[in-house]
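Hi,

Here is the structure we talked about. Have a look first, then read my notes below.

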Amino acid sequence: MSNNKTILLADDDESLRRVIEYNLSNKGYRVLLANNGNEALNIFKSEDIDIVITDIQMEKVDGLELLEEIKRLKSNALVIMITAHGSIETAVKAMKLGAYDYITKPFDRDELQIIIEKAQNLQSLMSENIRLRQELADRFSLGNIIGASSKMKRIYDTVARVAKSDSTVLLQGESGTGKELIARAIHFNSSRAKKPFITVNCSAIPENLMESELFGHVKGAFTGADKDKAGKFEAADRGTIFLDEIGDIRKDLQVKLLRVLQEKSIDKVGATQDINVDVRIIAATNILLETAIEEGKFREDLFYRISVIPILLPPLRERKDDITLLVQHFMTKHGDKECKIVPEVLDILNHYDWPGNVRELENIIERAIVLKKEDNVISPEDIPDHIKRKQSSSQMSLEIPDEGLKLEEVEKALIINALNKAGQNQTRAAELLNISRQTLIYRMQKYDIK
Ligand SMILES: Nc1ncnc2c1ncn2[C@@H]1O[C@H](COP(=O)(O)OP(=O)(O)OP(=O)(O)O)[C@@H](O)[C@H]1O
Ligand SMILES: [Mg+2]
């Protein structure tokens, strides 16, 4: 990441100011200094500031007041608070007021550097998100579909192209991956957008009613059919029909569906003549149709007819880089804009496997917003235990060879590994291993790691 960012540092301790300025300018940041909140505010108003680092206790305008003013100015700058040891309450108050994070005195160079890098990451994600949404809104409005991962970008491209055609689309993906959302996006970005979008949930309609639901019936076709009824296909004429859970559809109806696709006409129950319809079909399933075909439950010819354009929606665990964006999206959707999230919570969410995919993530965020202990802040205690527990167990799959192994050697290898991953940064390596920096240094000496 390029470092041409401007940091405003407000602290009344001159030597601290000098040290931080020295370290940060060495890293390529442009650093502006203020020795109280008032001075900081003046600089803030006249310069383009990316990150503010401010002490809390200062003369005249203090750090919290400075923070409030900055928030009032609706800038995108992120504010990092410097707090005194043991003043957790003030730190929490600052988070509530909209601080990005806090750092407790005394801190070292690496700690500050990590917080700044995280803030920069978030900032670039936010601006990437704004840019992406703008771009999408320009091309086709997919504003409510979130995701900037390469997998999602490929899907946006396909959706944009598919929307221009009348081809049948088959959406496949686990539960909660957004199949219905994508189906709607295709319809509302097609030339059929002003015509109906009709959803049929093939697994929810009783089998014996399915045929008349889909194709309609004429008066007297069966007992109880006391008047003509239009089916879903007729209702969707010149629009789109969304056949959800298509894998659950009865086999004799599969034949009739195939006919609709081939001949573009429907055979109403009890009618003597077919009716022509102009309907675009989008189907979705969360079971593997290939398996259903092998088991003889799904017709192969129908499968080929509906999967003209197959779209496979990735499970959330395969696009974890989208979690932060999704969380932001759901916080705005379900909460108020003031609500903040402790960075640690994002770590927890990133380590979970999400079997229920985006729907499960949305539920967790909505639940946390409702049940949160602190006003305006979501912290780890607002996240259910099973999500926190999954963290370590699910990622670890160490095989012990038959001849056994030396625990100390494994530990040594892990430490070297963590140091390499952290670019030899000890604070970060210690974070990766969930131990303190002191513990890391002690073990490095023990195993003679340089
Ligand atoms: N990429 C996304 N961006 C924003 N919200 C999403 C995204 N994907 C899914 N969602 C949300 O997650 C929830 C589930 O999505 P949807 O109903 O489309 O999933 P589905 O694949 O149809 O699941 P199922 O197979 O269980 O019916 C919805 O509330 C939807 O708005
Ligand atoms: Mg669905």
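The shell around ligand 1 has four nonpolar, eight polar and four charged residues. Here Ala, Val, Leu, Ile, Met, Phe, Trp, Tyr, Cys and Pro count as nonpolar, Asp, Glu, Lys and Arg as charged, and the others, Gly among them, as polar.

This is a predicted model: local features need pLDDT of at least 70, side-chain atom pairs count only at pLDDT 80 or more, and totals for chains, interfaces and linings use all residues. Residues are numbered from 1 along each chain as its sequence is written, while chains are lettered from A and ligands numbered from 1 in the order in which they are written.

Back to the ligand. In total, 16 residues surround ligand 1 (C-beta atom, placed from the backbone, within 6 Å of it). The closest are S175, G178, K179, E180 and V358. Helix 7 (179-188) and helix 15 (357-371) are the elements that give two or more residues to this shell. Helices (H or I, at least four residues) and strands (E, at least two) are DSSP runs, numbered from the N terminus. Ligand 1 lies between domain 2 (144-314) and domain 3 (328-395), because both give residues to its shell. The domain bounds come from an automatic or database domain assignment.

Now strand 1 (residues 6-10). Four of its five residues are buried (20 or more other C-beta atoms within 10 Å of their own, C-beta atoms placed from the backbone). Strand 1 runs parallel to strand 2 (residues 30-34), with five bridges. Four bridges join strand 1 to strand 3 (residues 51-55), also parallel. L9 stands opposite L33 in strand 2, and its bridge partner in strand 3 is I53.

Best wishes

Terms used
A residue is buried if 20 or more other C-beta atoms lie within 10 Å of its own, exposed if 12 or fewer, and partly exposed in between; C-beta atoms are placed from the backbone. Two strands pair if DSSP finds at least two bridges between them.
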